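Q: I am new to this structure. Please take me through its inside and show me how the residues there are grouped.

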Amino acid sequence: MIAPFEIARLPRILFGAGSLARVPAEAAALGRHALVVTGARSFRETSHWADLLKGLADAGLAIAEMSVTDEPSPDMVDEAVAEFRHLGVEVVIAVGGGSALDAAKAITGLLVTGNSVMDHLEGVGRGVPYVGPALPFIAVPTTAGTGSEATKNAVLSRRGPEGFKKSFRDEQLVARVAVIDPDLLASCPRPVIAANGMDAFTQLLESVVSTRANPMTDALGWSGLEAFRDGFWDMLDGSGEAAAAGRAKMAYAALLSGINLAQTGLGSVHGLASPLGALFPIPHGVVCGTLVGAATAVNIQALRARLPESPALGKYARAAALLTHRSYDREAEAHDALITLLNDWTNKLELPRLSRYGMSELHLAQVAEASGGNSMKTNPLVLEPDEITALLRQRL
């Protein structure tokens, strides 16, 4: 039997090398005045930026632009809305990593209403229901990691002792069109490839073992994990045709990770990423890469002890077989191989420990207590506070 499930709204997806050239025509079909949101430098320093601006101008669009220099904050979003909402913007185009896409997504949702994003930010906002309308939005990722081009949530942060990392979330914020051009990944520096790749991987693994997984998301998740396996190291360290093929596979894996994130929720790594990102200046992908091995080990140990009938145990074993190209006679042997592999990746990628960003034993209880957000709710089981603390302590 297949249990009932539902799939939330997705963008129209244009995938392929050179597909950036399709953005002007797509934008012109949605409006005549575009706001273009990019990251700080990497995309703007390539020839693709000039090509995009020329294409938009040739298509007859008036253009306003802004760049996002850090993880977006509520204040940044509100300032942008105040600056651009009276310019007659009809379509928003975001070209960049997760920060640029999330910022643009939030701005898109507020340019018509002029509301503060704090009216709608989950958990810390004023609880005002979002009714829209949102402007049409075109998402063009330049990193292979967050999958934000396929989700309805704009993640915003405020750092510090009273900080938070929360989402402005509504189906009206989903991109009208997602343009995935693997050529845009060529300018990513190695540390960005590593961190973003581990974010995509973690989203794929957590979505497969999520309590809300279904046959359709499982199919996407296994396909994405296979693409990650075959593409990540070539994108990271390869050259020529191998690197180009790796970029295409990683663009595909990241897209599927975002689609699944939107459908299934995630797990303990992303549950911890929220308070860690709010309290410390830790890049999101670094959190994923540094915690995924420890989190997987804790999940498996807890499932064996308290929920041995969980389908997640079989899925962890299948992930081990897929990622190592091996078959295992016993499930426990596969689990051990998966944990060893993930820890080896963490070491090989030289992913920093949490203490490098200022975390210490004094913060363990605070982070563990603040980790019970949406992502933790779809972890394969509810982790006890001491299990979460032990997980964090492994990566201090």
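A: Here is a close look at the inside, starting with some ground rules.

This is a predicted model, where local features need pLDDT of at least 70 and side-chain atom pairs count only at pLDDT 80 or more, while totals for chains, interfaces and linings use all residues. Residues are numbered from 1 along each chain as its sequence is written, and side-chain values use heavy atoms, with hydrogens and water left out.

In soluble globular proteins, nonpolar side chains tend to be buried together. A nonpolar core here is a set of buried Ala, Val, Leu, Ile, Met, Phe, Trp, Tyr and Cys residues joined through side-chain atoms within 4.5 Å. Buried means under 20% relative accessible area (1.4 Å probe, protein chains only).

The largest such core holds 78 residues. Phe 201, Leu 272, Leu 276, Met 359 and Leu 392 have the most contacts inside it. Helix H9, residues 284-306, gives the most to this core: 12 residues. Helices are DSSP runs (H or I, at least four residues), numbered from the N terminus.

Take Met 359. Leaving out residues up to four places away in sequence, Met 359 touches Leu 276, Phe 280, Leu 354, Leu 364, Val 367, Leu 392 and Leu 396. Contact means heavy atoms within 4.5 Å.

Ala 154 leads on to Asp 102. With residues up to four places away in sequence set aside, Asp 102 touches Ala 154, along with Pro 72, Ser 148, Asn 153 and Val 155. Asp 102 sits in helix H4, residues 98-110. Asp 102 counts as buried because its relative accessible area is 9%.

How values were computed:
Helix = DSSP H or I, 4+ residues; strand = E, 2+ residues; numbered from the N terminus. Buried < 20%, exposed > 50% of the residue type's maximum accessible area, 1.4 Å probe, protein only.
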